[in-house]
Amino acid sequence: MSANKLMKRIIKPDSLNNKVKEGESKKNQRKIVAEDLHNSTFGISSDPLTQFAVVFSALIHDVDHYGVPNTQLVKEKTEWSAIFGNQSVAEQNSVVVAWDLLMEPKFADLQVYIFANDEGQHRFRQLLVNTVMATDIMDSDLVTMRKNKWERAFATAEDTQAQSDSVIGEDINRKATIVIEHIIQASDVAHTMQHWHIYTKWNEKLYQEMREAYKNERSEKDPAEKWYENELAFFDFYIIPLARKLQECGVFGVSSDEYLGFALENRNEWEMKGRQVTEAMVAKYQ
């Protein structure tokens with residue numbers, strides 16, 4: 001499941017056909033469909049630049065990653081941590097490296113296709129920065145901020161009934177931002193919401209990376225310790241709540257049931273088989 005796949009699954013609401021009245025001209029029908037699709041997907045479905053920014057962010061969000069978390073980069077007092085003020089170090093570095101590459105003269109034709117003018121370039125970069133930054137899920141301040149944004153954006157219907165058009169517009173933009181953040185976060189851990197063999201394949205690759213960091217004295221903790229328990233906690237406190245939010249935002253329709261279903265199935269299967277899987281990985285990468 002990639003960011004592109006998630007973007008393609010943004011759908012129109014089931015109620016769409018009910019809003020097209022008999023006798024409406026084809027022009028009016030198209031207008032109704034377009035407006036409803038735009039509003040129900042918070043503008044994402046009618047914004048090609050945003051769609052491409054999300055997919056591009058997924059491609060570059062781990063560029064130049066060295067296999068250790070931000071806390072380790074800060075501890076090692078790397079050049080990056082000093083430049084980026086010890087905040088979202090790896091994510092900010094990835095944006096800078098990828099952006100500098102994209103802006104090289106040899107990609108001039110690609111630049112023209114992505115953004116036609118300075119305004120488009122500025123907007124694309126802002127989308128890129130915001131989307132990649134959303135993959136930093138270990139910064140407690142950022143996590144709290146996103147949680148508060150979700151609660152403000154997806155208020156109850158009673159809270160939004162009396163809002164003016166301008167406030168409703170701001171609300172749609174806020175919801176779009178939140179949905180984009182959750183799309184990139186889901187893409188970043190997509191293996192947990194797919195078939196068991198996909199999940200275990202990438203789970204092992206993550207273990208291998210973390211084990212290598214430990215062996216190279218770039219991590220204080222041996223990942224073998226509590227790997228089984230930590231995976232269960234990851235499902236319970238991050239993956240499953242994330243899958244539920246994809247469902248709650250209403251943008252993905254019934255497709256969101258698939259993400260949640262796989263997350264729950266993998267969590268349950270890990271509870272039953274995870275200890276044996278962990279033991280096999282520990283033995284393989286000693």
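At what angle do helix α13 and helix α14 pack, and how far apart are their axes? The legends below take up this point and several others in a predicted model.

**View 1. The packing of helix α13 against helix α14 in the predicted model.** Helix α13, which spans residues 227-248, and helix α14, which spans residues 255-284, pack at an angle of about 175°, and their axes lie 9 Å apart. Because angles over 145 degrees count as roughly antiparallel, α13 and α14 are described as roughly antiparallel to each other. The residues that make up the contact of α13 with α14 comprise 14 nonpolar, five polar and eight charged.

**View 2. Ser 256 in helix α14.** Is Ser 256 buried or exposed? With a relative accessibility of 2%, Ser 256 counts as buried, because the class takes in residues under 20% relative accessible area. When residues up to four places away in sequence are not counted, Ser 256, a residue of helix α14, touches Leu 246 and Gln 247.

**View 3. The second largest pocket and its lining.** This pocket has a volume of about 320 Å³, and 17 residues line the second largest pocket, with Leu 127, Asn 173, Ala 176, Thr 177 and Ile 180 lying nearest its centre. The elements that give two or more residues to this lining are α8 (118-133) and α11 (165-188), and α11 gives the most, with six residues. By class, the lining of the second largest pocket divides into six nonpolar, eight polar and three charged residues.

**View 4. Thr 177, one of the residues nearest the centre of the second largest pocket.** Thr 177 lies in helix α11 and, at 33% relative accessibility, counts as partly exposed. Between Thr 177 and Asn 130 there are 47 residues of separation in sequence, whereas the distance between them in space is 8.6 Å, taken from C-alpha to C-alpha.

**View 5. The largest cavity and the residues around it.** How many cavities of 30 Å³ or more does a search of the whole structure find? The search finds one, and about 30 Å³ of space lies in the largest cavity. The lining of the largest cavity consists of His 191, Thr 192, Asn 203, Leu 206, Glu 231 and Phe 234, and at least two residues of this lining are supplied by each of α12 (196-215) and α13. Sorted by class, the lining of the largest cavity has two nonpolar, three polar and one charged residues.

**View 6. Val 63 and the residues in contact with it.** Val 63 is placed in the loop between α3 (48-60) and α4 (70-75), and its relative accessibility of 25% puts Val 63 in the partly exposed class. Once neighbours within four places in sequence are left aside, Val 63 is in contact with Asn 93, Ser 94 and Val 97.

**View 7. Asn 86 and Glu 217, two residues with positive phi.** Most residues other than glycine have a negative phi. Asn 86, by contrast, has a phi near 65°, a positive value in a residue other than glycine, and is found in the loop between α5 (79-83) and α6 (89-102). Glu 217 likewise has a positive phi, of about 60°, although it is not a glycine, and its place is in the loop between α12 and α13. As for accessibility, Asn 86 counts as partly exposed at 44% relative accessibility, while Glu 217, with a relative accessible area of 71%, is exposed.

View 8. The protein has 286 residues, of which 41% count as buried. Among the contacts in the protein with a separation of 6 or more, 70% are accounted for by residues 24 or more positions apart.

Conventions: Residues numbered from 1 in each chain as written. Predicted model: local features only at pLDDT ≥ 70, side-chain atom pairs only at ≥ 80, totals over all residues. Heavy atoms only, no water. Axes fitted to C-alpha atoms, helices over the stretch in contact; angles between N-to-C directions. Parallel < 35°, antiparallel > 145°, perpendicular 65-115°, else oblique. Nonpolar A, V, L, I, M, F, W, Y, C, P; charged D, E, K, R; others polar. 1 Å grid on protein atoms, 1.4 Å probe; cavity = no way out; pocket = protein on both sides within 12 Å on 5 of 7 lines; lining within 4 Å. Points joined across faces, edges and corners; volume = space filled by probe spheres on them. Buried < 20%, exposed > 50% of the residue type's maximum accessible area, 1.4 Å probe, protein only. Contact = heavy atoms within 4.5 Å.
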